[in-house]
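Work through the exercises below with the sequence and the structure open. Each one is followed by a solution in steps.

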2 protein chains.
Amino acid sequence: MPVPSMDLVARLLKGDLRAAGRLMSRAEAGSEEARAALGKVYKAAGKAHIVGLTGVPGSGKSTLVSKLVQTIREDGRKVGVIAIDPSSPFSGGSILGDRIRMSNLTMDDGVYIRSMATRGSTGGLARSALAAVDILDAAGFDVIIIETVGVGQDEVEIARASHSTIVVSAPGLGDDVQAIKAGILEIADIHVVSKCDRADANRTITDLKTMLAMGISVSMRNRDDKPLWQVPVVGTSAETGEGIGELVATMDRHRKAHHTTELGAERLRRIAEYRTFKTAEDLLRSRFFASTSERVAALVERISRRELDPFAASDELMSNVAL
Amino acid sequence: MPVPSMDLVARLLKGDLRAAGRLMSRAEAGSEEARAALGKVYKAAGKAHIVGLTGVPGSGKSTLVSKLVQTIREDGRKVGVIAIDPSSPFSGGSILGDRIRMSNLTMDDGVYIRSMATRGSTGGLARSALAAVDILDAAGFDVIIIETVGVGQDEVEIARASHSTIVVSAPGLGDDVQAIKAGILEIADIHVVSKCDRADANRTITDLKTMLAMGISVSMRNRDDKPLWQVPVVGTSAETGEGIGELVATMDRHRKAHHTTELGAERLRRIAEYRTFKTAEDLLRSRFFASTSERVAALVERISRRELDPFAASDELMSNVAL
């Protein structure tokens, strides 16, 4: 008999990290039995500082996260990482490299790192990643970093579902990488330029500052339009350690500026709305597909021969659904 | 009064490309009025060779596509491109660079290029991209290339929803880019190593061939387990033009090997199933959210204060849905 999820929650709230891992697995699997327990975890959470960290592939996110974890930990704070890996949609595996890079941290009880694969079409990435954040929050972690690759709409949305969003850029990336980056620059509360031991890093910093000066620099405004927060650009080097302390201080400063304001409360409402939609969507989808998969199978042959179209087929499938 | 979508379909089937563009916009917008028309387009389609082309950022996809289009066009075939741009989830804009790079092709009636943005949380990317493919197919295009970035689960799935899937790799990308690439290698019917004018390209080609030799090389097998298709590795250079002709010939060869077999038919059924689920899911989601958005708004405040959890809230929202 598996341990009931509610029992795992009781252990979790006493700080049991094995219970944390098991609850995360159940959240990832979309367990129906775990729903009420995860609801209880959600209500117990809400104290931690949630930091979304994203950037294009090659921007050095994982190395930066590893340094951030060390530095935050040196303050005595407990820090968790939920890393959304853009690995195989088929194997469901995660990137070994990330785990290895971080393994020097994992002997410490005040550090918890979890990789989540972006699985195929099962969906639920946002729901399970954010449930994992709650789990660490309820277990008493002070700072929780959600690391996602800044490509793919779910991945970007997940990074936004945080109190402070960091966008990492790196000097010297190719043209189309930069173009993709442009799509995520605007979600930053804090910009980081990594690898700033490189000669061409200054150029990247200047470009970002110019862009910010041109008008998309203010992530939060008061009702009277006075800026609460000017988006800063922090240069870091995982090599030399430069800027890591400044980045942690900037994160803390953003949290403080944001935490008690009406704009901060608005942000929490936006996140709550996002989570509710995502959770409801998963539930809706799984129940719908459970109830229709046989009927879909019966239609597929005709659809593949183009005798029936997917739009008409959907209408047919929906005819049984009362909304 | 906007032109009824069915009238646009009549024009489309005579090859009117302005009608094609307008129908694509309606598909992207998720227009209810256009559903029946898009269903008709689906039934009229099915002749074109659909090629999915994907690769990590920085692999040189867009430049390669531009060269492919020129070469296919030189045979006299009509060729369309649907480019899924990983641009802003907020502006919905697309990458200007791609459009500019391809603009020398766009004066030709036998070439049609459409960029689609990966918009925020509206969903429907797969549904609208594949509807756009149908539209070009029904308009008489011979080859249709769907170009997606190989990160993000939707983007990878869309590239798979094709007759022939090309995965583009490039020499000299960073470590974490390569790690991401590992996740999409297995979906390839054809591997391309771009930028093979570079000295380090041979290494990339050798690595891929070694990987293929190690056992994941065969994308299609007959019932008697005799391989129908050995996944090839084609080196190309947009700079020198090397390998582009070979790639086109390989695409054609894959199409021929695949087209009339039971495995080809199985692939078409898988695509039909994928499309039906995606179309039904969009419909389900939009109707559900239309019927619940007010109720969600009423709950958000309590959820953001953690008095109510998203799981219980979802159950409450679902209580009205009969599945």
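A residue is buried if 20 or more other C-beta atoms lie within 10 Å of its own, exposed if 12 or fewer, and partly exposed in between. The model used here is predicted.

**Exercise 1.** Describe the surroundings of A:Ile166 and list its contacts beyond four places in sequence.

Solution. Start with the element: A:Ile166 belongs to strand β5 (residues 164-169) of chain A. With 28 other C-beta atoms within 10 Å, A:Ile166 is buried. Setting aside neighbours within four places in sequence, its contacts are A:Val51, A:Gly52, A:Leu53, A:Ala188, A:Ile190 and A:Val192. Take one of these, A:Val51: it is 115 residues from A:Ile166 in sequence, while the two C-alpha atoms are 7.3 Å apart.

**Exercise 2.** Find how helices α1 and α3 of chain B are oriented and which residues join them.

Solution. Helix α1 (residues 5-13) and helix α3 (residues 35-44) of chain B have axes that come within 9 Å and cross at roughly 25°. That angle makes α1(B) roughly parallel to α3(B), because angles under 35 degrees count as roughly parallel. On the α1(B) side, the residues that meet α3(B) are B:Ser5, B:Met6, B:Leu8, B:Val9, B:Leu12 and B:Leu13. On the α3(B) side they are B:Ala37, B:Lys40, B:Val41 and B:Ala44. Sorted by class, this contact has eight nonpolar, one polar and one charged residues.

**Exercise 3.** State how many residues of helix α7 of chain B are buried, and name them.

Solution. Helix α7 of chain B covers residues 153-160 and is mostly covered, with seven of its eight residues buried. The buried residues are B:Gln153, B:Asp154, B:Glu155, B:Val156, B:Ile158, B:Ala159 and B:Arg160.

Key. Residues numbered from 1 in each chain as written. Chains lettered and ligands numbered in written order. Predicted model: local features only at pLDDT ≥ 70, side-chain atom pairs only at ≥ 80, totals over all residues. Helix = DSSP H or I, 4+ residues; strand = E, 2+ residues; numbered from the N terminus. Axes fitted to C-alpha atoms, helices over the stretch in contact; angles between N-to-C directions. Parallel < 35°, antiparallel > 145°, perpendicular 65-115°, else oblique. Contact = placed C-beta atoms within 7 Å. Nonpolar A, V, L, I, M, F, W, Y, C, P; charged D, E, K, R; others polar.
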